[in-house]
Each structure stands twice: as structure tokens, then as C-alpha cells.
Amino acid sequence: GSHVYLKLESLQNTGTFKMRGIGRLCQKAVSEGCTRFICPSGGNAGLAATFAARQLKKSVTICVPESTPAVTREKIQSQGAELIVHGKAWDDANERALELAKQPDCCYIPPFDDPTIWEGHSSMIDEAK
């Protein structure tokens, strides 16, 4: 028979693999002087950015659209993030996050489209080897 290996990313502190990439980007941002994270999210990226901020002792604002489920919003807030509900869709929340990230010492933490995030996600492959 064949061997099957499972990498249960659902067992991460945030319940998702997003912590790997978002966490790495947040660490990099802090090393470059960032003191506050601004992250648009539908849920998982916001949870990851909130967890990373808490671990790095930084503040975080998560911008979500109205379509984000109430249970997800509550979970993000209960972890210590400032939560802003803006617009009907993710693009609306992202627009608000980009505006907020223009403030001094703030950095924009995209939920998916960044090479440092991809590098962080790829660490799961190293562990599977």
C-alpha cells in the first residue's frame, strides 16, 4: 500500500494555514519599523493578522465586508483586533484598509497577494519532507 501523510493546518492556532504567510509578513513588517497592522479580510487572514499582532505586541485593525459572518467578526474582536465593517464586498473593505494603511507607522497586510506571504505558506512543504 501507499503511505498517506496529512498536514492538518486546521490545527494551527488560527485554524488555517494563513498564519504561516501572514505571520511571516508581519514579522518582516515589524523588523522594518511597522507598529500597527491593517488587514482587509473575509475572515481567515484577519484571524491570522490578529494572532500575529498579539504575538508581536502590535496593534491591528481588520477591515471586513458586511458579508463576513458575525461569528467570524466576533472571533476577530475577541482576539484583540479593532474591527471595521466596511462595504458589501471584500473590495470595499480592502479600499478602506488601503486608506488606513497610509497613516504613519502602519503597514498594509494583504490577505494573499504578496511574495513574503507565499514564502511563509511554502514552509508547510519543508515540514512535510
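This is a predicted model: local features need pLDDT of at least 70, side-chain atom pairs count only at pLDDT 80 or more; totals for chains, interfaces and linings use all residues.
1. The disulfide. A search of the whole structure finds one disulfide, and C34 and C107 form it, with their sulfur atoms 2.3 Å apart. C34 lies in the loop between α1 and β1, whereas C107 belongs to strand β4 (residues 106–108), so the bond ties together parts of the chain that are 73 residues apart in sequence. The angle about the S-S bond is -75 degrees, which makes the link of C34 and C107 left-handed. Both of these cysteines, C34 and C107, are buried.

2. The cysteines C26 and C106. C26 takes part in no disulfide, and the nearest cysteine sulfur to it, that of C107, is 6.7 Å away. With a relative accessible area of 0%, C26 is buried. C106 is likewise in no disulfide, its nearest cysteine sulfur being that of C34, at 6.7 Å. C106 has a relative accessibility of 16% and counts as buried, because the limit for that class is under 20%.

3. The whole structure holds three salt bridges according to the search, and in one of them the side chains of R24 and E119 meet, with 2.9 Å from N to O. R24 sits in helix α1 (residues 18–31) and E119 in helix α5, so that this pair links distant parts of the chain, 95 residues apart. R24 is partly exposed, with a relative accessible area of 31%, and E119 is also partly exposed, with a value of 44%.

4. R36 forms a salt bridge with E82, and the closest N and O atoms of the two are 3.4 Å apart. Here too the pair links distant parts of the chain, since R36 is in strand β1 (residues 36–40) and E82 is in strand β3 (residues 82–85), 46 residues apart. The two partners fall into separate accessibility classes: R36 is buried, with a relative accessible area of 17%, while E82, at 42% relative accessibility, counts as partly exposed.

5. E99 forms a salt bridge with R96, in which the closest N and O atoms are 3.3 Å apart. Both residues belong to helix α4 (residues 90–100), and because they are three residues apart there, about one helical turn separates them. E99 is partly exposed, with a relative accessible area of 39%, and R96 counts as partly exposed as well, at 26% relative accessibility.

6. The surroundings of G120. G120 has its place in helix α5 (residues 115–128) and is buried, with a relative accessible area of 0%. When residues up to four places away in sequence are not counted, G120 touches R20, G21 and R24. G120 and K18 are 102 residues apart in sequence, yet their C-alpha atoms are 8.8 Å apart in space.

How values were computed: Residues are numbered from 1 along each chain as its sequence is written. Side-chain values use heavy atoms; hydrogens and water are left out. Helices (H or I, at least four residues) and strands (E, at least two) are DSSP runs, numbered from the N terminus. Buried means under 20% relative accessible area, exposed over 50%, partly exposed in between (1.4 Å probe, protein chains only). Contact means heavy atoms within 4.5 Å. A salt bridge is a side-chain nitrogen of Lys or Arg within 4 Å of a carboxyl oxygen of Asp or Glu. A disulfide is a pair of cysteine sulfur atoms within 2.5 Å.
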